Amino acid sequence: FSQHQPSFGGGGCGGGGLAQMPGESLISFCERCNLAQDSLQWLASLPQDIMSTVIAEFDPSGTKDGNVLGRLQGFVRLLNARAAQRKRLSEDGGHMPPAKRLRGL
């Protein structure tokens with residue numbers, strides 16, 4: 001990753017109080033997780049809020065078989081599903097049966 005650092009649009013990606021360029025935070029994340037260059041490009045294509053959550057909350061040490069990318073992709077699917085559910089709830093005015101409301105969020 002040190003040869004060429006791509007530029008990513010949008011706001012900051014990392015947690016904490018230090019202002020960082022999104023690309024710098026994303027590159028650091030990929031290096032920490034030992035992810036390949038194509039993973040960097042995939043992460044950069046994610047919506048800013050999903051990318052920020054991934055960088056702040058994803059724990060690569062939780063994988064038992066060493067497949068960090070597979071675990072990361074599953075985490076991103078979970079975040080996307082939660083975001084889609086929140087969007088549906090807001091569009092429906094929050095009208096969902098109580099059992100589904102508790103289980104889904």
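Biologist: Why is Asn34 called exposed?

Modeller: This is a predicted model, and in it Asn34 has a relative accessible area of 71%. The word exposed is used for values over 50%, so Asn34 with its 71% qualifies as exposed. Asn34 is placed in the loop between α1 and α2.

Biologist: What is the phi of Asn34?

Modeller: The phi of Asn34 is near 60°, which is a positive value in a residue other than glycine. As a general rule, most residues other than glycine have a negative phi.

Biologist: What pattern does the protein follow along the sequence, and how many helices and strands are there?

Modeller: The pattern reads α-α-α-α-α, with 5 helices and 0 strands in the protein. Of its 105 residues, 30% are buried, and the accessible surface comes to about 7,000 Å², with 50% of that belonging to carbon and sulfur atoms.

Biologist: How many aromatic pairs does a search of the whole structure find, and what makes the pair of Phe29 and Phe58 edge-to-face?

Modeller: The search finds 2 aromatic pairs. In one of them, the rings of Phe29 and Phe58 have centres 6.2 Å apart and planes at 65°. Rings count as a pair if their centres lie within 6.5 Å, and planes over 60 degrees apart count as edge-to-face, so the rings of Phe29 and Phe58 meet both conditions and the pair is edge-to-face. Because Phe29 lies in helix α1 (residues 22-33) and Phe58 in the loop between α3 (48-57) and α4 (68-91), the pair ties together parts that are 29 residues apart in sequence.

Biologist: How do you know whether Phe29 and Phe58 are buried or exposed?

Modeller: The relative accessible area is 2% for Phe29 and 6% for Phe58. Buried means under 20%, so Phe29 is buried and Phe58 is buried as well.

Biologist: What makes α2 roughly parallel to α4?

Modeller: The axes of helix α2 (residues 37-44) and α4 come within 12 Å and cross at roughly 5°. Angles under 35 degrees count as roughly parallel, so α2 is roughly parallel to α4.

Biologist: Which residues of α2 and α4 meet?

Modeller: Ser39, Trp42 and Leu43 in α2 meet Leu69, Leu72, Gln73 and Val76 in α4. The residues of this contact divide into 5 nonpolar, 2 polar and no charged.

Biologist: Finally, why is Ile27 called buried?

Modeller: Ile27, placed in helix α1, has a relative accessible area of 4%. The limit for buried is under 20%, so Ile27 is buried. The C-alpha atoms of Ile27 and Leu40 are separated by 7.0 Å, although these residues are 13 residues apart along the chain.

Conventions
Residues are numbered from 1 along each chain as its sequence is written. This is a predicted model: local features need pLDDT of at least 70, side-chain atom pairs count only at pLDDT 80 or more; totals for chains, interfaces and linings use all residues. Side-chain values use heavy atoms; hydrogens and water are left out. Helices (H or I, at least four residues) and strands (E, at least two) are DSSP runs, numbered from the N terminus. Buried means under 20% relative accessible area, exposed over 50%, partly exposed in between (1.4 Å probe, protein chains only). Accessible areas come from the Shrake-Rupley method with a 1.4 Å probe; for residues, only the protein chains shown count as cover. Rings of Phe, Tyr and Trp (its six-membered ring) pair if their centres lie within 6.5 Å; planes under 30 degrees apart count as stacked, over 60 as edge-to-face and the rest as tilted. Axes are lines fitted to C-alpha atoms, for helices over the stretch in contact, and angles run from 0 to 180 degrees between N-to-C directions. Angles under 35 degrees count as roughly parallel, over 145 as roughly antiparallel, 65 to 115 as roughly perpendicular and the rest as oblique. Contact means heavy atoms within 4.5 Å. Ala, Val, Leu, Ile, Met, Phe, Trp, Tyr, Cys and Pro count as nonpolar, Asp, Glu, Lys and Arg as charged, and the others, Gly among them, as polar.
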